[in-house]
Structures are given as C-alpha cells and as structure tokens.
Amino acid sequence: MSTHTQSVSTAREDLTENEVVLRVTGLDVDIRTPKGVLRAVNNVSFEARAGRTLALLGESGCGKSMTAKAVAGLLDPVADVTGGTVVLNGTDLAALSPKQRLKYAGPELGIVFQDALTALNPVYTVGTQLSEAFRIHQKLSAKAAKVKAIELMRHVGIPEPESRVDSFPHQFSGGMRQRILIAMAVALNPRLLIADEPTTALDVTVQAQIMKLLRDLRTESHLAVVLITHDLALVAEEADTVAVMYAGNVVETGPVREVFGSPKHPYTRGLLDSVPADVGRGADLNSIAGSPPELHRIPEGCVYQSRCPLVQDVCRAIRPALEAEGAGRTVACHFALTTANKELDHV
Amino acid sequence: MLTFLRRRILSSALPLLVVILGVFALARLTGNPASLYLPLNATEQMRADFTEKNGLDNPIWVQMAEYFGGVLRLDFGESLRTGESAAAMALRAFPATLQLAGTTMLLAVVLAVIVGSWAALKPNGIADRISSFISMAAASVPDFWLAIMGIWVFAITLGWLPTSGVGGLDAWVLPILTLLLRPFGVLVQIVRGAMVSSLSEPYIKLARSKGASEFRVVTRHALRNAAAPALTVAGDLAVGLVNGAVVVESIFGWPGIGKLMIDSILQRDFAVLQAAVLLTAISIFILNILIDLGYAGLDARVRPTGKPRKASKTGKATAAPAKERKLHVQTTP
C-alpha cells in the first residue's frame, strides 16, 4: 500500500475487530417473470464481521449475486426482497424505503462490481465519478471533492493521480479501473464492503494485486468484506468464513479451513472433489453429475436431491433446515454427519 | 481541432458543387422566364432581346461557367423579378426560417427529453404506453394536412389565432406546432429507447451504489449517455425542418427561405433559387459540423485528435451512428 493519507480510509473508531457488522436473516428474493414469480434467493442467512472476509460461494445462477444486490439495495426492478431482514449496524435495511436507503449507500455500505470494464460511466472523468460520493454525502464543493478524489486514487495505488484524475475510464487499464471502482466503494469509509466477483474480468497477475488491495483496505479500516465468488482457490486464500449457496439456498456455512477440510454437505464435497489436484494426464476430471435445477423447477424437498449421491426418500419430501453442526458451522442436510465420513461415488 | 474543421470543409466542397450544378440544371427545366416576365402580346424580337439580355441564349455550359465565375467572386446574380442581388434576398429571408426552425427544434428536444425519459423510467408502464401512442401519432401526421386543419379550427372556426403572417407571438403558434410534431414524435421514441438502454447499463448501478438520487441518476448518468443517439437524430430532423419549412412557410405566408424558394421556382427566378438552395446547403453542412463537435463535447471517446482519417465523409449524411463518427480512440495499456 502506498502513501497513507489521514483523511481517507482510516479505521472507524466505532468498529472493533470481529464485531458483527451485517446480519442477514431469512432473506427471500423473488423475481417477477412472464412465467410467474420465481424464488431466486430462499431463506438465506449469514453474518459478516469487522476485519473479516465472508465468502458467498456458488455456481453461476445460484443466487449469490442476487443476494449481494439485495443487501446493497440494487436489485433490478423485476426483483423484490419478499422476506427476511438485512441488519447493518443495528438498522434493518430491508425495512427502509429506497429513498431512506440512499443515506446508507456509500457511508455505511460500499459495493465493488464484477465488470470493471463497463461499470464506470464512459462520459465522465474518473475524478468526477470519484468525487460524486463526497458531493452527494458530504456536500463538498467540486474543488474540495477533487482533492479527496486524488487522495483516494493515491490510496488505491494509482500512479500520478494528479494528472490521471482528469482522464476518462477508457484511458485506464482493466486493473486500474478495478482500483478506481474499489476506491469509490471505500470513499466514505463504509463498515461493509461487498465485492461481487471483483477479479473475474482481470488477468491472473492483476487479480492478485486487486485481492491484496482489498486485503489491505480490510485490515487498515476493519472493513467487513463479503466476497461473492465461484472460485474455490480465492475463497481458500482470502476468506475467513464461507457460505456455500446452491439453487438460491445456503447449504453450508463455517470457517473456510474447516468447511474445506471436512465438508459436511454433499454439494460442498462435490465442489471440492471437482478441483483438479492429483489427476494424471489423460484421466477424466471429477465433476458433479447433472446440473442445478432451473428456478421454476426447484423440487419440494432438498434442493440438491437430483444430484446427490446420498439421496433418500426423506430428502425428496422434506427440505433440510440449516442447523448447527459443531462449532461455528451449519449445514442443511439430513445426512450431514454421514457425508463427512463417507467416501462419495461420483458417477 | 483546426485540422478537423479544415478536413470537414474540404470534404464538403464536392457535394456543394454537385448541389449547385443540379439546381442550376433543374431550374432551367422549368422553361424560359421570358414567357412569364413579358406581356402576352410580346413580339418574338422582345423575347429574343430579354433572353439575350439575361444571358439565357448561351449554351447551358457557358451559362454555367459564367455563373461559377460569379460564385467565385461571391456574385450570385440578380433577381429577374426585382433586379435586387439574389444573395441579399436569400440572406434576408434566412433569419425568419432560422428563428422558426430553431424555436421548433428547441421545443421539440426539450419536450422529447422530458416525455422520453419519463416513459423510459418504467418500460411498458402506463406512462410509456401513453407517450408511445402520442409520439407515434405525432410522427405520423402529415404536416401540410395538420397546417390546414390548424388554420381551419383555430384561425377560422375559433378565431383564436391568425391564419398567416408574422405579427405577434400568436402568429408563431400554428407554424411551430405544425413543424414541431414530427421531430417531437420521432425524438420521443429515440430518447426513450436510448434511455431504456442506458438505464440498464452497469454504470447506473454504480451511481446508485454511491447513494445518487433517482433524479441524479436519470439526469446526470443516464441522459448524458443517451444524448449521442438523440443528437444524431435531432440533427437529421433539423435538416428535415428545412423541407418542412417550404410547405409550412408557403401555407402560413412566413417570409423565410422556404417561401422564397417556392416563389422563385414559380417565377423562374433562377439566380434567387440558386442562392437560396446554396445558402440552405451551406447551413446544413455547418449543422453537421456542429453535430460532430457536439459528439466530442458529449463523449471523450469520440474527440478528434487531429490524426488523419482514411475514409473521407461527404458530410451529407447526418444519421451516421456515433460509432462511425469515432475519429480516434485513445487507449492506455
């Protein structure tokens, strides 16, 4: 991390490490489609703590991004939060009107978007876009906000910020644009940072730099980070806790080390087995047979029943609730204990 | 910037030349002015004298060469009707058209931006459906019919507005309404489409994530991005207004360039017709250059940097999409 300026991103005095910053409980998100109302996120609960990273892990379409957008209040017009609470520092964001929420967007909660290449507005200079948060929330003058923008750019490691502040997004590389997006998200020193696949669009070397930047910001200001990703390796490296999502439901949560070390849900197990590790050249890679159910065909019982090697009649009838399984871990499976000990046959 | 302007002016020269030649030739197809300007019982000798005096007895290429010689000295000839300088007559009529067209475009753009944005906020919502109906109707009504109906209803039956002329503000109402409807209708559709797509761009979510209010999101972030396609079409419509002006100015007796053109065609006043068409053509080229500068003002990605382009454009087409107008794209690795 380059020069550190006093006015930008210093630790919030009101935050202590490991304190719960965000508690999501029983979150439901419905999407209105021509085919009817679909449940994209079902009864999702998790918590994010200051100075820690929680990973929301899952395949594309599992509802992890939708969950992030619901928390940030940025759902598309066709999607609605229909149940549950999103408590950020004592306030239930889900109960606020869109207008009331504006107050929290920036000062309390920042979000970094997936596609750095298109997320910036092409017609404004990065300086103007970085200044916007200060103009809106702190009512700063254009001049004062620009000074802040330059400090922010320096803070996230953009060289020569004084001259680059008047450049347009297309004049920056992908990695630099992602740095600018991160700078915007942390501009007002929020408690919570949601990073929605922040490195998906970037080169591997740039990915590492961006993750380091996020890590540094988290450490220095006790940020609670929610990392949305499908990348198991990224979760293993960056996250403290993980919530595994499947077909709109959280199926397993816990400390990353433990969940990855001894997965209790057959889906988590399947995901980890799919990582090519000791597979010889020419041998088939492991994969989970089948594909996730479509949103309008989610079955009665367990969401994973169609692909689960352990499936029994009870799984088809009753959806298992997320229940505590050992210290700090939860799992939604009728056969959680069995899974942990049994070798699974993947067809 | 200067290179850009110089290139545009050079590339405009050829189409201008074609316009002058075309009008020159076409005007002479209307017949010999002698039969209009001389009394019915004029002798053959009088006709021959008139023709010779006005240089109409020479072969057309000689006439053309003489005319071009004049144009190069900025001498556009004299009116057969009044003997006045043709250029002076065209320049005198032009401001009236410019005022009418300018006011109309300004109103059309402002109204279309408001209605189009309002419709785009909720695609397929009630506001969208109403504005879609109104704008389709507005874009489809023929202007001459509307002008005549307007005179019949508001001037003759109700007596609220004058039938024609340029007196007070009330004289502006019918001509502007007549000219306004089509650009308004088309622009509403364009603004709505551009706003719907720009409101679904990722940068809108980014703006919301910074706590920007709905008003700020729409006006600052979405509209600015939707402006380029609207500008393209507005430019095209502004050119179309000149055509509309010919009809509307004739119907309402508005002393603009359109009426001057019609009058000079009817009276075979060749020099005046040529001067009026040339002035209109030049103003359209200037408009096109202004539109290009407008793009550059809106979006840094299409700002000219003075590097030569391979393909030269005639400057005639106004509806080229923004992408094709990209002059030089800067990228920093």
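UniProt positions are given here in the numbering used for this structure, and the annotations may be inferred rather than shown by experiment.

**Figure 1. The annotated domain of chain A in the predicted model.** The structure shown in these views is a predicted model. According to the UniProt record, an unreviewed entry, the annotation "domain: ABC transporter" covers residues 22-272 of chain A.

**Figure 2. The open sheet of chain A.** Strands of a sheet pair through backbone hydrogen bonds, either parallel or antiparallel. In chain A, eight strands form an open sheet with mixed pairing, and their order is β6-β7-β8-β3-β9-β10-β12-β11. The edge strands are β6 (109-112) and β11 (323-324) of chain A, each of which pairs on one side only. Strand β11(A) pairs with strand β12 (residues 330-331) of chain A in the antiparallel sense, over two bridges, and the bridge partner of A:Ala324 in β12(A) is A:Thr330.

**Figure 3. Aromatic rings in chain A.** A pair of aromatic rings is described by the distance of the centres and the angle of the planes. Over all chains, the count comes to seven aromatic pairs. One of them is formed by A:Tyr246 and A:Tyr267, a tilted pair at 4.5 Å centre to centre, with 55 degrees between the planes. This pair links distant parts of the chain, since A:Tyr246 belongs to strand β9 (residues 241-246) of chain A and A:Tyr267 to helix α11 (residues 266-273) of chain A, 21 residues apart. Both A:Tyr246 and A:Tyr267 are buried, and together with A:Tyr304 they form one aromatic cluster.

**Figure 4. A charge over a ring in chain A.** In this view A:Arg164 lies over the face of A:Phe172, at 4.2 Å from the ring centre.

**Figure 5. An edge-to-face pair in chain B.** The rings of B:Tyr67 and B:Phe68 form an aromatic pair that is edge-to-face, at 6.3 Å centre to centre and with 65 degrees between the planes. B:Tyr67 has a relative accessible area of 10%, and therefore counts as buried, the cut-off being under 20%.

Technical notes: Residues numbered from 1 in each chain as written. Chains lettered and ligands numbered in written order. Predicted model: local features only at pLDDT ≥ 70, side-chain atom pairs only at ≥ 80, totals over all residues. Heavy atoms only, no water. Phe/Tyr/Trp six-rings, centres within 6.5 Å; stacked < 30°, edge-to-face > 60°. Helix = DSSP H or I, 4+ residues; strand = E, 2+ residues; numbered from the N terminus. Buried < 20%, exposed > 50% of the residue type's maximum accessible area, 1.4 Å probe, protein only. Lys NZ or Arg CZ within 6 Å of the ring centre and 35° of its normal. Pairing = 2+ DSSP bridges.
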